[in-house]
Amino acid sequence: MIKYCVKYLFFSLLVVAAIGCSHNKKNNILFIIVDDLRPELPSYGKTHVKAPNLTRFATEGVQFDNAYCNIPVCGASRGSILTGMKPNNERLKYYYSTIESDLPNAITISDHLNQNGYKTVSNGKVSHCSDDMDHTWGEIWNPDGMRDPCPKGFWRNYLLPENIEAEKRWDTTPNAPVNIGYNILSAIESADVEDDAYFDGQIATKTIKDLKKFKETGESFMIFTGFLKPHLPFNAPSKYWDMYSENEIKLPINNSFPKDAPSQAGRWYELVRYKDVVESSINGGLNGNNYSINKDFQKKLIHGYYACVSYTDAQIGRILTTLDELELDKNTVVIITSDHGWSLGEHNRWSKHNLFDVEMRVPLIIKAPGMPANKVSKSFVELIDLYPTICDLLGISKPNQLEGKSILKNLKNPKLITHDNAVSRYIEGESFISNDYLYSEWKDKKGNIIAKMLYDKKLDSLQMKNISEKENSKKIVDSLSLIIKNYYKS
């Protein structure tokens with residue numbers, strides 16, 4: 001009898017210990033960042049885009065409808081996400097900006113989690129330059145052949161022979177500037193290949209491999225997975241192109257540059273040197289704000305963008321399915337977002353790199369254990385808010401450098417509005433965004449305002465009538481300008 005009681009007591013202690021270990025097991029982080037992804041998705045009311053996996057994921061977490069990047073350009077935006085620090089006129093300004101150059105003493109999210117006992121992995125395009133602060137990651141992985149995109153390389157990921165040869169000719173041109181020579185490259189590609197033929201399929205496969213490894217080892221982890229598409233060029237397997245008909249694609253209504261908008265709001269360069277874009281240009285070429293691309297090719301570009309979104313959605317689906325099958329979803333926080341938005345012809349722009357709403361607004365969906373599901377938050381969020389949010393979700397300390405605000409309260413109660421605006425910037429321009437207004441101003445080197453634009457978003461949702469110079473707008477302009485000024489002081 002005594003022997004039986006001892007055995008029973010021992011077994012009971014093991015059960016209690018197992019329950020305790022399970023209860024105290026750390027949450028993991030899976031952070032998926034998609035390059036150039038705008039919130040043109042079914043869960044955001046845009047049902048013409050086919051993204052079933054992101055649509056399903058939105059029903060499992062909290063979707064933030066008013067999420068904005070802090071700067072609409074790759075390198076700087078990613079640097080601000082990874083440090084939780086604001087871009088400003090002295091740091092994190094350009095697509096090639098690095099943390100190592102601009103904020104070498106910053107504690108990156110990867111370094112902070114390393115110090116808190118997590119295994120950290122960077123797969124694909126996380127930092128714009130893959131070696132940026134590489135010493136702060138447990139592992140950095142890129143597909144074979146994906147040379148570092150700073151500033152040149154084969155990150156465009158062409159698979160058709162004619163496009164591969166064209167890129168080789170450009171890439172090996174002696175002393176060729178970064179953006180010169182695009183006129184031999186194609187902006188789109190449809191190849192009859194399997195998903196893993198392109199880099200993003202390989203990035204998903206690597207992430208799946210990591211999840212299986214961590215399931216086996218039981219180690220706590222943070223995986224950042226960065227997908228390249230739908231960044232230019234719009235390359236995707238043919239089956240994703242086949243999901244759409246160009247005859248059904250609609251061009252944006254606000255497809256002309258606002259007559260009263262400052263010239264600073266219209267500058268772009270990313271698309272104009274691709275060969276097929278140049279060949280499709282009308283009205284005297286692609287310089288200035290009055291260029292145009294013929295409508296047939298505009299539809300083809302949008303077609304390519306949608307195909308890339310659907311391709312990336314499929315890769316995300318593969319990862320999320322694996323997470324569920326391994327039952328890691330029970331203790332893994334999943335964050336899906338983008339580094340910035342993108343214009344698909346709105347305001348006659350095909351780019352990010354500026355301060356219209358469509359270029360700053362991003363999708364953001366967060367699924368966390370114990371948090372509400374299938375909810376939408378209308379509270380404003382900036383991407384620098386994600387670092388402190390991760391700290392709160394994991395129950396770890398926050399470095400003093402963090403300039404964002406945790407949105408844990410919004411995850412717990414999606415109806416709660418804790419922020420009613422966001423601030424973003426690009427080069428010498430700075431922008432205030434709320435439900436009511438979009439205000440942007442540009443300054444010279446002395447700090448004098450040399451251009452501005454103000455849109456009443458409730459009366460002018462397409463942002464086509466700049467009212468910044470109206471007499472009755474002066475008080476609004478002055479107050480929003482002061483908010484921006486104080487934001488960068490704090």
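The model is a prediction, so local features are reported at pLDDT of at least 70 and side-chain atom pairs at pLDDT 80 or more, while totals for chains, interfaces and linings use all residues. Residues are numbered from 1 along each chain as its sequence is written, and side-chain values rest on heavy atoms, with hydrogens and water left out.

The protein has 14 helices and 17 strands; these are DSSP runs numbered from the N terminus, with helices being H or I of at least four residues and strands E of at least two. Of the 490 residues, 57% are buried, where buried means under 20% relative accessible area, exposed over 50%, and partly exposed in between (1.4 Å probe, protein chains only). The accessible surface is about 21,200 Å², and carbon and sulfur atoms hold 53% of that; areas come from the Shrake-Rupley method with a 1.4 Å probe, and for residues only the protein chains shown count as cover. Taking contacts (heavy atoms within 4.5 Å) between residues at least 6 apart in sequence, 70% join residues at least 24 apart.

On to the sheet. Four strands make an open, antiparallel sheet in the order β14-β15-β16-β17, with two strands called paired if DSSP finds at least two bridges between them. β14 (421–426) and β17 (449–456) sit at the edges with a single partner strand each, so one side of each has no neighbour in the sheet. Direction ignored, neighbouring strands are turned by 15° against each other on average; axes here are lines fitted to C-alpha atoms, for helices over the stretch in contact, and angles run from 0 to 180 degrees between N-to-C directions.

Going strand by strand, β14 pairs with β15 (residues 429–434) over six bridges, and valine 423 faces phenylalanine 432 in β15. β15 and β16 are joined by five bridges and form a hairpin with two residues between them; glycine 429 stands opposite tryptophan 442 in β16. Seven bridges link β16 to β17, with tyrosine 437 opposite aspartate 456. This hairpin has five residues between the strands, and glycine 447 in it takes a positive phi near 90°. Five of the seven residues of β16 are buried, so this strand is largely enclosed by the rest of the structure. Helix α14 (residues 474–489) lies across β14, β15, β16 (437–443) and β17, at about 70° to β16.

Elsewhere, helix α7 (residues 199–217) spans 27 Å over its 19 residues, close to the 27 Å expected at 1.5 Å a residue, the expected value being 1.5 Å times one less than the number of residues. Its buried residues include Phe199, Ile203, Leu211 and Phe214, and among the elements covering them are β1 (28–34), β6 (221–227) and α10 (295–325). Just after α7, glycine 218 has a positive phi of about 75°.

Finally, two polar residues. Glutamate 359, in helix α11 (residues 357–360), counts as buried because its relative accessibility is 0%. Its side chain makes a 2.8 Å polar contact with that of serine 343, a polar contact being a pair of N or O atoms within 3.5 Å; within protein, one must be able to donate a hydrogen and the other to accept it, and residues adjacent in sequence count only if both atoms are side-chain atoms. Histidine 340, in the loop between β10 (332–338) and α11, is also buried at 0%. The histidine 340 side chain reaches the backbone nitrogen of cysteine 74 at 3.5 Å and the aspartate 339 side chain at 3.2 Å.
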